[in-house]
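Thanks for coming. I have one structure to go through today, and I will keep to what was computed from its atoms.

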Amino acid sequence: MSFREKSVSQLESELFANISIINKLDEKYQKGQLNADFFQKSFKNAVYELLQIKIAFKQKNIIFSDLIKKNNYVDEYNKAMRTIDKISELNVAKASYQHRINANNRYGSLLKSSILHIPGITSEITSSFITLMDAIKLEISIGESFILNLFQDLIEKTRTFPGLQNLSQKITKIYKHVTTHIDTLKTNRQYQEKVVNHLYDLFQEFQYLLSLKV
């Protein structure tokens, strides 16, 4: 059963279990009770599941932050968020540069082999959105193959990312409209702006869906 098909009560149970798993993984890894490989794989799976649960609540029109507060789980959730921030590749790299992570810091060993890269899993999609919108706004090589290839790349990346299939379908809808109005896109500034505005709305939706902050 997909997360989307689960009931609210099932999702709530899985949400709180997932938060607990993230915190326990961090605690056990800090104590040296888990090897780095097991920790990385388990942590990455837990974060992916957390994202999918959040998306499922969004699809059911349930405000994620209200749910966390209603169940008095703010402290545990914030603890999990601090762990995610701490372990994400960009933050670890930043900490390494600013604070010179030493061998005594267990997270230092994850720098070279980290597969967690929580910001990294969204950076390519973010880049694809921005590249496509900029290309249209700046009229950079607005030719059929160039623009349509950018659309196809964005569609593929969102389609294969867990929980973003609905967003991918919305992008595909814009793509199909553009393919039938490609000549208008090349010459009509008003149409270009309309397409960019629709893409920007979806970009904001993407940012909201992938944000775990409450």
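First, a caution: what you are looking at is a predicted model. The protein chain has 10 helices and 0 strands. Read along the sequence, then, the pattern is α-α-α-α-α-α-α-α-α-α. Of the 214 residues in the protein chain, 41% count as buried. Turning to contacts between residues at least 6 apart in sequence, 72% of them join residues at least 24 apart.

Now helix α1. This helix covers residues 8–30, which is 23 residues, and from first C-alpha to last it reaches 33 Å, close to the 33 Å expected at 1.5 Å a residue. What follows α1 is G32, with a positive phi near 80°.

Which residues of α1 are buried? They are L11, E12, L15, F16, N18, I19, I22, N23, L25, D26 and Y29. The buried residues of this helix pack against α2, α3 and α4, where α3 is 64–70 and α4 is 74–87.

One of the buried residues of α1 is N18. Its relative accessibility is 3%, and the cut-off for buried is under 20%, so N18 counts as buried. Leaving out residues up to four places away in sequence, N18 touches A46, E49, L50 and I53.

Next, two asparagines in loops. Most residues other than glycine have a negative phi. N61 has a positive value, with phi near 60°. N61 sits in the loop between α2 and α3. Is N61 buried or exposed? With a relative accessible area of 70%, N61 is exposed.

N72 also has a positive phi, near 55°, and is found in the loop between α3 and α4. Its relative accessible area is 69%, and exposed means over 50%, so N72 is exposed.

On to the nonpolar cores. The largest has 33 residues, and the members that touch the most others are F129, F151, L164, V178 and V195. Which elements each supply at least two residues of this core? They are α2, α6, α7, α8, α9 and α10. The most comes from α10, with 9 residues.

Take F129 as a case. Not counting residues up to four places away in sequence, F129 touches L154, I171, L199, L202, F203 and F206. There is also a second, separate core of 25 residues.

Last, the second largest pocket. What is its volume? About 150 Å³. The lining consists of S2, F3, R4, Q52, I55, A56, Q59, G163, L164, Q165 and N166. Two elements give two or more residues to that lining, namely α2 (36–59) and α8 (165–180). The largest share, 4 residues, comes from α2. By type, the lining residues divide into 4 nonpolar, 6 polar and 1 charged.

One residue links the last two topics. L164 is in the lining of the second largest pocket, and L164 is also among the residues of the largest nonpolar core that touch the most other members.

That is the end of my list, and I will stop there.

Definitions and conventions:
Residues numbered from 1 in each chain as written. Predicted model: local features only at pLDDT ≥ 70, side-chain atom pairs only at ≥ 80, totals over all residues. Heavy atoms only, no water. 1 Å grid on protein atoms, 1.4 Å probe; cavity = no way out; pocket = protein on both sides within 12 Å on 5 of 7 lines; lining within 4 Å. Points joined across faces, edges and corners; volume = space filled by probe spheres on them. Nonpolar A, V, L, I, M, F, W, Y, C, P; charged D, E, K, R; others polar. Core = buried A, V, L, I, M, F, W, Y, C linked by side-chain atoms within 4.5 Å. Buried < 20%, exposed > 50% of the residue type's maximum accessible area, 1.4 Å probe, protein only. Contact = heavy atoms within 4.5 Å. Expected span 1.5 Å × (residues − 1).
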